[in-house]
Amino acid sequence: MTGLGSLVRLALRRDRLLLAVWVVGLVGITLSTASTVGELYGSPESRQQLGATAGSNPAFLAMLGPLHDASTTGGVLAWRWGVFGALLVGLMCMFLVTRHTRAEEETGRLELIGSAVVARHAPLAAAVVVALSASTVIGLLVALGLTGLGESASGSFALGLAFASVGWVFTGVGAVGAQLSESARTANSISGAVLGVAYLLRAVGDAAGDEGPTWLTWLSPLGWLEQTRAFAGDRFWVLLLPVALFAVLVVAASVLVAKRDLGGGLVPTRLGPARAPRSLGSAFGLAWRLQRGMLIGWTLSLFVLGAVYGSVARGVEQMLEANPALQKIIAQMGGAGAIVDVYLASIVGIIALFSAIYVVQSTLRLRTEETEFRAEPVLATPVSRFAWVGSHVLFATVGTAVVLAAAGLGAGLVHGVRVGDVGGQVARLVGAALTHVPAVWVVAGLALALFALVPKLASASWAVIVVFLVLGQLGPLLQLDQWAMDLSPFTHIPKVPGADVTAAPLLWLTLVAAALTALGFAAFRRRDVG
Amino acid sequence: MTAAISVSGLVKTFGPTRALDGLDLAVREGEVHGFLGPNGSGKSTTIRVLLGLLRADAGSASLLGGDPWRDTAELHRRLAYVPGDVSLWPNLTGGEVIDLLGRLRGGLNEKRRAELLERFELDPRKKGRTYSKGNRQKVALVAALASDVELLILDEPTSGLDPLMEAVFQEAVNELRGERTVLLSSHILAEVEALCDRVSIIRNGRTVETGTLADLRHLTRTSVSAELVGAPSGLAGLPGVHDLAVEGNRVRFEVDTDHLDTALRALVGSGVRALTSQPPTLEELFLRHYEDELPAGATEGAMSS
């Protein structure tokens, strides 16, 4: 294919830092998690205990998937980190493909390349080659690293290749998504939605219990990772499924490339209104137009996620009812209600991290507007810088509460119906979700301050979320010092529902968020735009 | 007349690059002022400083009697701006953008909006991402020209327009002459010649020439070619005559505009059969200031309007 080689080299040159961060980061987290799992669950007895409790707990099943075999460190690692690690590999591949196909096309750079001597399919093929190689390298390094740590080679390669295979599938998903829409943002949303559905399908399937629809797990590429059963039988044949799906998706994408014009999507853009609605006449009206799709999408998604997580909570209680011995132990610790609350508190914590993604997206909209030269014409009107920034910050701030309340509502409704107390559970879970608002505001404040002070590094806000995610989810496992854990605002939020809520940490976080936001406003007032 | 824009000694650096290096600019109220310079000479940077988007490192700038950095919002009520590279929101239609920008500025002249859409042959129902470069520029132009403001700041507003639309643009600006002050940055010399009352030429962030076109013409030469009755005489020694070429009874030369009269008298002395004289074009003016940036010999006919 003409031009493929040079396009691949161009992509590698542009992304050398980005790719290095992804590869080193993902492999590093996986291997360090493996070694701490080895330390924490060093004895066979401790692993057996973990297998007996966590592996059959529907809450953990929904969040992390089944623990097939707790007898080795590798088996525990595959359960604890498998789905999340694969989720990140999938995200990486999907972003990479969009970045080198639709995003390039949208900016018009691909036109420049398309006019040079390259085959029609070359840009897509180059993006696929880059994403495919990146995920495969991650898979192989994980496999070699785990083998080096003394795990069984077969299991290590099963887990490594399963990681890579999720990357392959989402390389394909990204390739198709990039053909469907005319904007990179929408393309990423399409692929992101597929990733979300893949996670939810396996969550429902895994937690369904023996009589439930366990087959749902088989519909999800993330479910295939679980079914590969790394360190618990190593069913390499399951990996044929992602390979086949990858092939189908790439063929579909290349057929679509041949069918459409450069710059066009599959669905032609229709004509719109010749006049602006009354609402579109102020900085706020413009921000509403630009932000509403994202806000509505996140509100619905988190509502569904909350409902799915909430549907599992009752199962936690049922599991206890079926096991009198365990019930006795738990009763000593505070009763079954307390265990359900621990579960609900942990899902609310995860949902809060998701809402942090929303808040960064929403805040960084400012940077996109600036780099795409759309801020300039607006700031050349009587709209002040304060009003322009404020109109978007308002969405980040209020939107945080909206998406979190939606998640709490989803969880509360479903759990409430199952335990026969809708009003009470909705109030409790909406309240619990809203308790996290100050921590998410801190993330929003950080993103705004970065945008105002060092605009070129505004996208480092994403790294901030990853750091908070690792601190919160893996911090205890990695046995980090308390001061390190305290860096994350989420550490300071009481574990609600269940824990007592004290106002002090919430007030402090709100103050920190307010200070960061004020800093952002002040710094943006003083800096150059464009 | 009072000054709509007055800038002196403006300096703006981006890291090691000195984008503006002591730039001066004076635009009088009610005039159409041409702002000429090659790519990268600092035109857009100057405009961004005037719009309060960039903060100057040194020098002073005043816009409509106010400070562009301090009094941003009040000043922006009184001006409309067309950026050089118009970027629209992908999912807003052209009509929506025109209304939005107009409303942000405090309202549009509805009649002019409709009339301009028609003259520019712009379909306001298309989404931002589907417009070509020229059509994106038209969206911004309609929004600016239909606004009731005192000052129009136009940064290379016609670089994407075809010649027909360029004519529509010139017509529209001519209709506003006297009612609005216009700062027109451009490197299309014919446009500047057709529209501008006064011109400032900048280079490497400094103003190298400023004045009316007539003023500037005095600084340059008229080219003359003539067919004479007899052999030409008395031209060679005249002050201000350059590049004299004689072929039998034909003569070609260039003459400093100040010495045009003496040179013509000398021609008449030999009896004139045919005469063509070309007034100095802005190209020549422009090229004179940029000559040393162009390779030798490239000056002649290197630019066409």
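How much area do chain B and chain A bury between them, and what share of it lies on carbon and sulfur atoms? The two chains bury about 3,500 Å² between them, with 55% of it on carbon and sulfur atoms, where buried area is the accessible area (1.4 Å probe) that two parts lose on being put together, summed over both. Leu53(B), Trp89(B) and Leu104(B) supply 20% of the area that chain B buries against chain A, more than any other three residues.

This is a predicted model, in which local features need pLDDT of at least 70 and side-chain atom pairs count only at pLDDT 80 or more, while totals for chains, interfaces and linings use all residues. Residues are numbered from 1 along each chain as its sequence is written, chains are lettered from A and ligands numbered from 1 in the order in which they are written, and side-chain values use heavy atoms, with hydrogens and water left out.

In terms of contacts (heavy atoms within 4.5 Å), 41 residues of chain B meet 37 residues of chain A. Across this interface there are 24 residue pairs in polar contact, both at pLDDT 80 or more; a polar contact is a pair of N or O atoms within 3.5 Å, where within protein one must be able to donate a hydrogen and the other to accept it, and residues adjacent in sequence count only if both atoms are side-chain atoms. The side of chain B that touches chain A draws at least two residues from each of strand 1 (3-14), helix 2 (72-76), strand 5 (79-82), helix 3 (94-104) and helix 4 (110-119) of chain B, these elements being DSSP runs numbered from the N terminus (helices H or I, at least four residues; strands E, at least two). Helix 3 of chain B gives the most to that side, with seven residues.

Five salt bridges are counted between chain B and chain A, a salt bridge being a side-chain nitrogen of Lys or Arg within 4 Å of a carboxyl oxygen of Asp or Glu. In a salt bridge between Glu376(A) and Arg48(B), the closest N and O atoms are 2.8 Å apart.

Over all chains the structure holds 32 salt bridges. In chain A, Glu369(A) meets Arg365(A) at 3.5 Å, N to O, and the two are separated by about one helical turn because they are four residues apart in helix 15 (residues 336-371) of chain A. Glu369(A) also meets Arg374(A) in a salt bridge at 3.1 Å, N to O. Both Glu369(A) and Arg365(A) are buried, that is, under 20% relative accessible area, with exposed meaning over 50% and partly exposed in between (1.4 Å probe, protein chains only). In chain B, Arg265(B) and Asp261(B) form a salt bridge of 3.2 Å between the closest N and O atoms; here Arg265(B) is exposed at 58% relative accessible area, whereas Asp261(B) is partly exposed at 49%.

Strand 5 of chain B is covered on both faces, with Leu79(B) and Tyr81(B) buried on one side and Ala80(B) and Val82(B) buried on the other. This strand pairs in the parallel sense with strand 6 (residues 151-155) of chain B over four bridges, pairing requiring at least two DSSP bridges between two strands.

Finally, Glu31(B) lies in the loop between strand 2 (17-28) and strand 3 (32-36) of chain B, and is buried with a relative accessible area of 6%. The side chain of Glu31(B) makes a polar contact with that of His33(B) at 2.9 Å.
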